[in-house]
Amino acid sequence: MKTIIEPFRIKSVEPIYFTTLEERKRILENARYNPFRIHADQVLIDLLTDSGTSAMSARQWAGIMMGDESYAGSTSFFHFESSVKDVTGMPIVIPTHQGRAAEKILFTILGGKGKYFLSNTLFDTTRANIEFSGAEGIDLLCEEGKHPSIPAPFKGNMDIEALGQKINELGAANIPMVIMTVTNNSGGGQPVSMQNIREASAVCKAQGIPFFIDACRFAENSYFIKRREPGYAGKTVPHIALEMFSYADGCTMSAKKDAFANIGGFLAMRNLDLALQCRNLLIITEGFTTYGGLAGRDLEAIAIGLKEVMDEHYLEYRIRSIEYLTGKLYDAGVPVMLPAGGHAVYLDAKEFLPHIPVDQYPGQSLVCALYEAGGIRGVEIGSLMFGKYAADGSLLPAALELVRLAIPRRVYTQSHIDYVAEVIIEVFSQREQYRGLVITEETPLLRHFTAALKPA
Ligand SMILES: *Cc1c(COP(=O)(O)O)cnc(C)c1O
């Protein structure tokens, strides 16, 4: 097979910023060993997140100029609405300024004390919005999904048997919604199979529970189905996406992911009564129903991006670049999560830096090492992010100590990715030299964003 090339050529470029090892040591110290505090112009390759960091196409930029900024009835809204309808088959489309705004509206209406939302795995903002309403979120991830180093084709699946049991235990009347996250972001960007979506939907239908899709990475998930699920190899991605959505009563979406937009999101659904309530809240908190907190130009960019993301040359390059980096690291003996997910590579920091105890945050230490060695910024997904304290003040660690390297869409080329692999392999070869970190300052909630640390 020939090399899979970037399916685009580059018309507009922006600089990346080179620093010396000495400079990076000083920058890390000034940032108190927390890369969230590093200024973006001190980062060479930024893999902090794939959210809102995509490169837009020439057509999207042209759409930006065509944006209609009318308060009501903007032509850009109708373009956006028809694009979302084409992709999802949902008759009702409500724009929001991000995915979490769609979540806030939905769970304000459906949530509340004594309610339970079931999912394969809820994303952090989804869970936070559910809990903020007083309700509880419950993850029912399949068994394969719980083992980072054992490959399986659909590790994002929901445990269907557990879904049935939970519904019996809690009572269908107390479950306002079941939410399937595709791909499963918190579970490593692992895909969900069509069969799993179909089965979860059937269980919900039989019990009269609405079934929604958190569709942030619907195109990546559709491509995985095409590649891995029997019966789908000959189907097109738009066709597969439409089938996926056909099993759902609605969806939430962050356009910062699989729509190549820098900002935006939406809610789409079939039920008119629910939509009326959502639109009322939208007008109070986001904006009028034809812009929902977005500028007309953003609606244009999303309308165009939603179609572009389903291009199979793009998706092949996208999924292949993640596999390529994962494979290079795996071949060099670096502990990585398997198989590669759709949007990020995950390093297992506990195995990478086994000499650093969990209460000295091996994930954060690895994040700092990658920055120091090569100006690469990733994010810790481990005990700094999810750790809690016991009554005696000792750390209750997270289940896994991971470092996520999220790949922005259409931004970096193969040589950038080769460089990333080289830096990681170099850090791995000298791993004994890295030390752990201790926290010097932290906030009670979401501490990883602002915490200050120092070498142990
Ligand atoms: C990013 C994301 C969200 C939230 O979207 P925002 O646009 O960041 O508010 C919700 N669910 C999943 C799976 C996500 O990846």
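**A buried asparagine, and beyond**

Author: Asn129 has a relative accessibility of 14% and therefore counts as buried. This is a predicted model.

Reader: Where is Asn129 placed, and which side chain does a polar contact of 3.4 Å join to that of Asn129?

Author: Asn129 belongs to helix 5. The side chain of Asn129 makes a polar contact of 3.4 Å. The partner is Glu103.

Reader: Which element gives the most to the shell around the ligand?

Author: The ligand is surrounded by 15 residues. Arg100, Asp214, Arg217, Ser254 and Lys257 are the closest. With 3 residues, the element that gives the most to this shell is helix 4.

Reader: How many charged residues does the shell around the ligand have?

Author: Sort the shell by class. There are 2 nonpolar residues and 7 polar ones. The number of charged residues is 6.

Reader: How much of the ligand does the protein bury?

Author: Start with the polar atoms. A ligand oxygen is 2.9 Å from a side-chain N or O atom of Asn185. For Arg217, a polar side-chain atom lies 2.8 Å from a ligand oxygen, and for the side chain of Lys257 the distance from an N or O atom to a ligand oxygen is 2.7 Å. Alone, the ligand exposes 380 Å², and the share buried by the protein is 98%.

Reader: How many residues apart are Asp46 and Arg377?

Author: The structure holds 22 salt bridges. One of them pairs the side chains of Asp46 and Arg377, at 2.8 Å from N to O. The pair links distant parts of the chain, with Asp46 in strand 1 and Arg377 in strand 10. The separation is 331 residues.

Reader: Why does Arg377 count as buried?

Author: Buried means under 20% relative accessible area. Arg377 counts as buried because its relative accessibility is 6%.

Reader: Which helices do Glu220 and Arg318 lie in?

Author: The side chains of Glu220 and Arg318 form a salt bridge of 2.9 Å, N to O. The two residues are 98 apart and link distant parts of the chain. Glu220 lies in helix 8 and Arg318 in helix 12.

Reader: Are Glu220 and Arg318 buried or exposed?

Author: Their side chains meet in a salt bridge. As for cover, both Glu220 and Arg318 are buried.

Reader: What is the relative accessibility of Arg227?

Author: Arg227 and Glu323 meet in a salt bridge of 3.0 Å, N to O. This pair again runs between helix 8, with Arg227, and helix 12, with Glu323. Arg227 counts as partly exposed because its relative accessibility is 45%.

Reader: Which residues do salt bridges that share partners join into one network?

Author: Shared partners connect the bridges. The members are Asp50, Arg217, Glu220, Asp258, Arg318 and Arg409.

Reader: Which residues make the nonpolar surface patch of about 360 Å²?

Author: Take Phe449. Phe449 sits in the loop between strand 15 and strand 16. With a relative accessible area of 40%, Phe449 is partly exposed. The patch of about 360 Å² is made by Leu445, Leu446 and Phe449.

Reader: What is omega for the cis peptide bond that joins Leu338 and Pro339?

Author: Most peptide bonds are trans. A cis bond joins Val182 and Thr183, with omega about -20°. Thr183 is in the loop between strand 5 and helix 7, while Pro339 is in the loop between helix 12 and strand 9. For Leu338 and Pro339, omega is about -15°.

Reader: What is the relative accessible area of Tyr361?

Author: Tyr361 lies in the loop between helix 13 and helix 14. Its phi is near 50°, a positive value in a residue other than glycine. Tyr361 is buried, and its relative accessible area is 3%.

Reader: What is phi of Arg410?

Author: The loop between strand 14 and helix 16 holds Arg410. Arg410 is buried, at 15% relative accessible area. Although Arg410 is not a glycine, its phi is positive, at about 65°.

Notes:
Residues are numbered from 1 along each chain as its sequence is written. This is a predicted model: local features need pLDDT of at least 70, side-chain atom pairs count only at pLDDT 80 or more; totals for chains, interfaces and linings use all residues. Side-chain values use heavy atoms; hydrogens and water are left out. A residue is near a molecule or strand if one of its heavy atoms lies within 4 Å of it. A polar contact is a pair of N or O atoms within 3.5 Å; within protein, one must be able to donate a hydrogen and the other to accept it, and residues adjacent in sequence count only if both atoms are side-chain atoms. Accessible areas come from the Shrake-Rupley method with a 1.4 Å probe; for residues, only the protein chains shown count as cover. Helices (H or I, at least four residues) and strands (E, at least two) are DSSP runs, numbered from the N terminus. Ala, Val, Leu, Ile, Met, Phe, Trp, Tyr, Cys and Pro count as nonpolar, Asp, Glu, Lys and Arg as charged, and the others, Gly among them, as polar. Patches are made of residues with over 30% relative accessible area and no salt bridge: like charges are joined within 9 Å, nonpolar side chains (Val, Leu, Ile, Met, Phe, Trp, Tyr) within 5 Å. A salt bridge is a side-chain nitrogen of Lys or Arg within 4 Å of a carboxyl oxygen of Asp or Glu. Buried means under 20% relative accessible area, exposed over 50%, partly exposed in between (1.4 Å probe, protein chains only).
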